[in-house]
Amino acid sequence: MGRPRIKDVAEYAGVSAKTVSNVLNDYEHVSEQTRTAVREAIDALGYRVNIAGRQLRRGRTGVIALAVPELDIAYFAELAKHVMAETERRGSTTLLLETGGRRERELAAVHGFDAQFTDGVILSPLALQPRDLAGRDTRLPLVLLGECNPPGSADHVAIDNVTAAREATEHLLARGRRRIAVVGGDLRGPQNTSRLRTVGYQEALSAAGLPVPEELVLPVPAFRWADGAAAARTLMRLSQRPDALLCLNDHLALGAVRALHEDGWSVPGDVEVVGFDDIEATRFSIPTITTVAPDKPGIARRAVELLLDRIDAGGPGGPAVDETAGHRLIVRESSGG
């Protein structure tokens, strides 16, 4: 016997195929006796719902795409895990894609990769420009994560990076630190994550009546461990060295702490260090790393919710939603915790 069909279940239970469908879809107006008979038939025959067929009959694939820049950056890997868990909980499947932060790959994501295998896209862009979203086909639901969000272009979820960086800087100021450097900082670039976090740092220093020395705002080629180590060594060679480092992600912070240790500097004695993202490694490093923790489960939950709402609506379904997710500063050993 081949794979059992709804017709086979109906014959076994002595009901119509429509009644079996009603039981499978958990419709209310089915007697408990009938429901029990159908379930017993399903168990006896080993029937399994053809989810793919069901989705296609509804005009859907049941698959959403999550496109992130780099899966070996722990923040994106951890966020992806939360998104995948949330989509599974909601009865969908996640197709995980890496863009490498390349504009052409991010553009492909915006347009659904010119394929029909996904119902919608969650995208964390790095290279995308505001003009890239103008005139996009809004029939493909899109949720953006991070800072590329021209007003009205798509649903959007991100933390308040300005406030988060200001709070992290205020923490270092309250600890008595005055020469605070920003590893990965950006004083004049476009409104991306680095720029916004640098703005928060500037606001905290200005509120404390302190200048913002340009030599302490140090861009990096990439946001990886080695870049943090190299930046820390550059900063510690200054004639007026910093007494604290605000690193704009945890990979930079971990690399900086390693370089400081190798060069004989004490953390937090000589230099205090704060990171961003609360990746798992920061809880096990020596010292453990003070970090800004975005609400990653909350970001994932809201992004999936917004996307599935658009998919269920079958189109744009109203103005774009701009959501601010929560964050908190977790104080650990690298800044006296």
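Guide: What follows is a tour of the cores, the helix pairs and some backbone details. This is a predicted model, where local features need pLDDT of at least 70 and side-chain atom pairs count only at pLDDT 80 or more, while totals for chains, interfaces and linings use all residues. Residues are numbered from 1 along each chain as its sequence is written, and side-chain values use heavy atoms, with hydrogens and water left out.

Visitor: Let us start inside. Which residues touch the most other members of the largest nonpolar core?

Guide: The general idea is that in soluble globular proteins, nonpolar side chains tend to be buried together. A nonpolar core here is a set of buried Ala, Val, Leu, Ile, Met, Phe, Trp, Tyr and Cys residues joined through side-chain atoms within 4.5 Å. Buried means under 20% relative accessible area, exposed over 50%, and partly exposed in between, with a 1.4 Å probe and protein chains only. The largest such core has 66 residues, and I122 and L245 touch the most other members. Helix 11, residues 296–313, gives the most to this core, with eight residues. Helices (H or I, at least four residues) and strands (E, at least two) are DSSP runs, numbered from the N terminus.

Visitor: What does L245 touch?

Guide: Contact means heavy atoms within 4.5 Å. Not counting residues up to four places away in sequence, the partners of L245 include L172, A181, V183, A232 and L235. The list also includes A256, L260, V271, E272, V273 and V274. A second, separate core has 15 residues, among them A67, V110, F113 and L128.

Visitor: Where does V110 lie, and is V110 buried or exposed?

Guide: V110 lies in helix 6, residues 103–110. With a relative accessible area of 2%, V110 is buried. Leaving aside neighbours within four places in sequence, V110 is in contact with L123, L128, L133, R136, L140 and L142. V110 and P141 are 31 residues apart in sequence, and their C-alpha atoms are 9.1 Å apart in space.

Visitor: Now the helices. How do I read a packed pair?

Guide: Two packed helices are described by the angle between their axes and the distance between the axes. Axes are lines fitted to C-alpha atoms, for helices over the stretch in contact, and angles run from 0 to 180 degrees between N-to-C directions. Take helix 1 (residues 6–13) and helix 3 (residues 32–45): their axes come within 9 Å and cross at roughly 120°. That makes helix 1 oblique to helix 3; angles under 35 degrees count as roughly parallel, over 145 as roughly antiparallel, 65 to 115 as roughly perpendicular and the rest as oblique.

Visitor: Which residues of helix 1 and helix 3 meet?

Guide: D8, V9, Y12 and A13 in helix 1 meet A37, V38, A41, I42, A44 and L45 in helix 3. The residues of this contact of helix 1 with helix 3 divide into nine nonpolar, no polar and one charged. Ala, Val, Leu, Ile, Met, Phe, Trp, Tyr, Cys and Pro count as nonpolar, Asp, Glu, Lys and Arg as charged, and the others, Gly among them, as polar.

Visitor: What is the angle between helix 5 and helix 11?

Guide: Helix 5 (residues 74–89) packs on helix 11 at about 50°, with the axes 8 Å apart. That makes helix 5 oblique to helix 11. The residues in the contact of helix 5 with helix 11 are seven nonpolar, two polar and four charged. Among those that meet are Y75, E78 and H82 in helix 5, and K296, P297 and R301 in helix 11.

Visitor: And what should I look for in the backbone?

Guide: Most residues other than glycine have a negative phi, and most peptide bonds are trans. Here the peptide bond from V267 to P268 is cis, with omega near 15°, and P268 sits in the loop between helix 10 (250–262) and strand 9 (272–276). Another cis peptide bond joins I286 and P287, with omega about -5°. P287 lies in the loop between strand 9 and strand 10 (290–294).

Visitor: Which phi value does D277 have?

Guide: Phi of D277 is near 115°, a positive value in a residue other than glycine. D277 is in the loop between strand 9 and strand 10, and counts as buried at 7% relative accessibility. D278 also has a positive phi, near 55°, and at 10% relative accessibility D278 counts as buried.
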